[in-house]
Amino acid sequence: MASIATATHQAATPSPEEQVLGALGEARERTLALVSHLDEDQLTRVHSSIMSPLAWDLGHIAAYEDLWLAHRLAGLELLRPDLAGVYDAFETPRAARGDIEALGPADARAYMRAVRTRVAEAIARQGVGDGDVCEMVVRHELQHSETMRQTLAIAGLLPTGEPPDLAPPAVGVEHPPGFEHEDGWLESPAGSFAMGAGETGFAYDNERPRHTVALRAFRIARRPVSAASWMRFVEGGGYERREWWSDEGWAWKEEHDITHHPALAAGGADGEAGELQPACHVSWFEADAFARAHDARLPSEAEWERAATWDQLVFAQVGRVWEWTGSTFGGYPGFVAHPYREYSEVFFGEDYRVLRGGSWATSPRVKTATFRNWDLPQRRQIFAGVRLARDGS
Ligand code: AVJ
Ligand code: FE
């Protein structure tokens with residue numbers, strides 16, 4: 001009996017190669033399902049000047065996989081060296097992606113299939129190495145499926161059933177319906193904690209090295225700001241009160257004549273259920289103004305991570321909307337770019353703000369407690385909301 005159980009167990013445990021191919025396969029299903037309802041024009045059109053045509057994302061996913069797995073990991077020549085520039089995010093920035101000769105939707109899908117076939121063969125032949133580059137490629141495709149959802153949301157083309165109506169499982173105890181953030185503060189005493197990813201397992205370079213951070217006491221809201229709270233802010237003159245806005249935020253608002261928020265909640269639900277959903281598509285400038293109007297501030301990313309990883313705090317609704325932090329994007333002390341230099345380092349500096357937590361559109365594989373996302377403070381296309389913080393006592 002024991003030997004049969006062991007044999008069964010061994011047969012059921014996939015090899016590292018099978019695990020990688022399985023994960024790549026699931027990411028691909030997710031990508032293709034997202035565009036299966038779209039026609040040629042919807043896939044080729046520029047829906048927004050800050051987003052790529054969807055067919056570009058498809059070709060880019062394939063080119064990235066070919067570069068990292070077929071070429072760099074397995075040592076093959078690129079399948080389509082002629083496309084390397086077209087699908088390189090830096091050589092062809094988003095604003096230029098509508099004007100260039102990229103593959104059409106059918107050719108992009110064929111390119112994805114051809115790359116996947118040779119990658120599967122190479123992995124079966126040569127293995128996955130330590131697995132990290134494979135995991136990076138899996139997560140790259142998953143991250144692009146969120147980027148593509150942003151484009152689809154702008155174009156009004158999200159597939160049926162998205163965004164989902166249901167709140168995700170609450171972390172710990174759920175608050176009663178109608179809960180207001182004003183009543184729901186969690187308190188963290190002053191102290192040190194280990195921030196960032198440990199040395200084992202996959203993490204992006206910007207999550208390492210793990211290092212000790214000392215924090216003052218702080219308070220952080222149990223849940224993100226709801227769409228209903230946001231509407232009250234708008235109706236209460238939120239976009240007219242100069243004193244609530246940073247100089248930069250006010251200038252942005254004036255220049256683009258922004259007088260309100262489109263009142264998009266994270267969930268698809270209408271009415272009361274929708275109003276209790278976290279506010280979504282909020283820019284950093286707006287999040288910052290909302291916080292000031294409520295005698296609060298944005299959490300630093302260290303505070304956010306401390307709260308998300310400290311089991312005594314009951315942090316609700318993480319992963320529904322990205323949460324803007326007050327932090328700019330930079331390397332942790334001792335940062336080493338690895339292995340994909342252009343992933344993080346080129347965005348370090350004062351321009352980008354960090355978001356934490358993940359959204360309904362983020363794959364669970366990507367949204368870990370140490371994952372750092374970033375974008376410019378004026379951007380509203382992200383599925384981003386705000387969770388308030390205050391100094392503690
Ligand atoms: C981590 C979401 C900011 O979209 O620029 C995709 C992810 N990097 N391809 C981005 C990424 C390269 C990245 N973000
Ligand atoms: Fe990319």
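I looked up which elements build the shell around ligand 1. α6 (132-155) and β7 (373-375) each supply at least two residues of that shell. The largest share, 3 residues, comes from α6. I took helices (H or I, at least four residues) and strands (E, at least two) as DSSP runs, numbered from the N terminus.

Before going on, I noted that this is a predicted model, where local features need pLDDT of at least 70, side-chain atom pairs count only at pLDDT 80 or more, and totals for chains, interfaces and linings use all residues. Residues are numbered from 1 along each chain as its sequence is written, chains are lettered from A and ligands numbered from 1 in the order in which they are written, and side-chain values use heavy atoms, with hydrogens and water left out.

**Ligand 1**

I listed the residues that surround ligand 1: R94, H140, Q143, H144, Y340, Y343, N373 and W374. A residue counts as near a molecule if one of its heavy atoms lies within 4 Å of it. By class, I found 3 nonpolar, 4 polar and 1 charged residues in the shell. Here Ala, Val, Leu, Ile, Met, Phe, Trp, Tyr, Cys and Pro count as nonpolar, Asp, Glu, Lys and Arg as charged, and the others, Gly among them, as polar.

Next I checked two side chains. A nitrogen atom of ligand 1 is 3.1 Å from an N or O atom in the side chain of H140. For the side chain of H144, the distance from an N or O atom to a nitrogen atom of ligand 1 is 3.2 Å. Of the 360 Å² of accessible area that ligand 1 has on its own, the protein covers 80%; such areas come from the Shrake-Rupley method with a 1.4 Å probe.

**Sheet with β7**

I then followed β7 into its sheet. 4 strands form an open sheet in the order β7-β6-β5-β8, and the pairing is mixed. Two strands pair if DSSP finds at least two bridges between them. β7 and β8 (384-385) stand at the edges with a single partner strand each, so one side of each is left without a neighbour in the sheet. β6 (residues 353-356) pairs with β7 in the antiparallel sense over 3 bridges. I found W374 of β7 to be the bridge partner of V354; W374 is also one of the residues around ligand 1.

**Strands paired with β4**

I looked at β4 (residues 218-221) next. Strand β1 (residues 185-188) runs antiparallel to β4, and 4 bridges join them. In this pair, S188 stands opposite F218 in β4. β4 also pairs with β9 (residues 389-391), in the antiparallel sense over 3 bridges. There, R219 stands opposite R390 in β9.

**Backbone**

I ended with the backbone. The peptide bond from E162 to P163 is cis, with omega near -5°, and P163 lies in the loop between α6 and β1. The bond from R208 to P209 is cis, with omega near -10°. I placed P209 in the loop between β2 (191-195) and β3 (211-215). D257 is not a glycine, although it has a positive phi of about 55°. I found D257 in the loop between α8 (247-255) and α9 (271-276).

Conventions. Polar contact = N/O pair within 3.5 Å; in protein donor to acceptor, adjacent residues only side chain to side chain.
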